[in-house]
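Hi everyone, thanks for making time for this.

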Amino acid sequence: MASESALRFQLMDLQKGSQPIDTYLHHAKSLVDSLAAINEPVSPKELVTAILRGFGPDYKMLVTVILNFPLLPDFADFCARLLAFEAQAPQISP
């Protein structure tokens, strides 16, 4: 089992790269679940922020829009919005 520090570092260092959004979100969620399993929960805001940080320049507009919401969406709503964005913009994802 990875240590809290190692898991948090992986969460902070997330990068979407060329993987599909659903794969990227699954990886982020698995890190958060691993932290919760060792009694080191991650707040929803911290999770959404970590995911947004890992997007590349192709997602700059989406990140800007989400960061300008009065409140960051919860993880489920956030995932739905990202998947809808990916479905509407297939040229962004290889």
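Thr-64 comes out as partly exposed, because its relative accessibility is 37%, and buried would need a value under 20%. Please keep in mind that what we have here is a predicted model. As for where to find it, Thr-64 belongs to helix α4, which covers residues 60–67. If you want a sense of distance, pick Glu-40, which is 24 residues away along the chain: its C-alpha atom and that of Thr-64 are 29 Å apart.

Helix α1 takes in residues 4–12 and helix α2 residues 21–37, and the two pack with an angle of about 155° between them and 10 Å between their axes. That angle makes α1 roughly antiparallel to α2, since the label applies to angles over 145 degrees. As for handedness, α1 and α2 cross in a left-handed way.

Which residues do the work of contact there, in plain geometric terms? On the α1 side you have Glu-4, Leu-7, Arg-8, Gln-10 and Leu-11, and they meet Ala-28, Leu-31, Val-32, Ser-34 and Leu-35 on the α2 side. Sorted by class, this contact of α1 with α2 holds six nonpolar, two polar and two charged residues.

Is Leu-7 buried or exposed? Leu-7 is buried, because its relative accessible area is 5%, below the 20% cut-off. Setting aside residues up to four places away in sequence, Leu-7 touches Ala-2, Leu-31, Ser-34, Leu-35 and Ile-38. For contrast, take Gly-56: it is 49 residues from Leu-7 in sequence, and the C-alpha atoms of the two are 21 Å apart in space.

Next up is helix α3. The axes of α1 and α3 come within 8 Å of each other, crossing at roughly 55°. The pair α1 and α3 is therefore oblique. From α1, the residues Arg-8, Leu-11 and Met-12 meet Glu-46, Leu-47, Ala-50 and Arg-53 of α3. The class count for the contact of α1 with α3 is four nonpolar, no polar and three charged residues.

Then we turn to α2 and α3. Here the axes come within 11 Å and cross at roughly 140°, so α2 and α3 are oblique to each other as well. The crossing of α2 and α3 is right-handed. Tyr-24, Leu-25, Ala-28 and Val-32 of α2 make this contact with Leu-47, Ala-50 and Ile-51 of α3. By class, the contact of α2 with α3 has seven nonpolar residues, no polar ones and no charged ones.

Leu-82 counts as buried because its relative accessible area is 0%. Apart from its neighbours within four places in sequence, Leu-82 is in contact with Ile-21, Leu-25, Ile-51, Phe-55, Leu-62 and Ile-66. One of these, Leu-25, is 57 residues away along the chain, yet the two C-alpha atoms are separated by 9.3 Å.

How many aromatic pairs does a search of the whole structure find? The search finds three. One aromatic cluster is formed by Tyr-24, Phe-55, Tyr-59 and Phe-85.

I'll finish with a backbone detail for those of you who like phi angles. Asn-39 is not a glycine, and still its phi is positive, at about 60°. You'll find Asn-39 in the loop between α2 and α3. Asn-39 counts as exposed, because its relative accessibility is 65% and the threshold is over 50%.

Note on methods:
Residues are numbered from 1 along each chain as its sequence is written. This is a predicted model: local features need pLDDT of at least 70, side-chain atom pairs count only at pLDDT 80 or more; totals for chains, interfaces and linings use all residues. Side-chain values use heavy atoms; hydrogens and water are left out. Axes are lines fitted to C-alpha atoms, for helices over the stretch in contact, and angles run from 0 to 180 degrees between N-to-C directions. Helices (H or I, at least four residues) and strands (E, at least two) are DSSP runs, numbered from the N terminus. Angles under 35 degrees count as roughly parallel, over 145 as roughly antiparallel, 65 to 115 as roughly perpendicular and the rest as oblique. A crossing is left-handed if the near helix is turned anticlockwise from the far one by less than a right angle, and right-handed if clockwise. Contact means heavy atoms within 4.5 Å. Ala, Val, Leu, Ile, Met, Phe, Trp, Tyr, Cys and Pro count as nonpolar, Asp, Glu, Lys and Arg as charged, and the others, Gly among them, as polar. Rings of Phe, Tyr and Trp (its six-membered ring) pair if their centres lie within 6.5 Å; planes under 30 degrees apart count as stacked, over 60 as edge-to-face and the rest as tilted. Buried means under 20% relative accessible area, exposed over 50%, partly exposed in between (1.4 Å probe, protein chains only).
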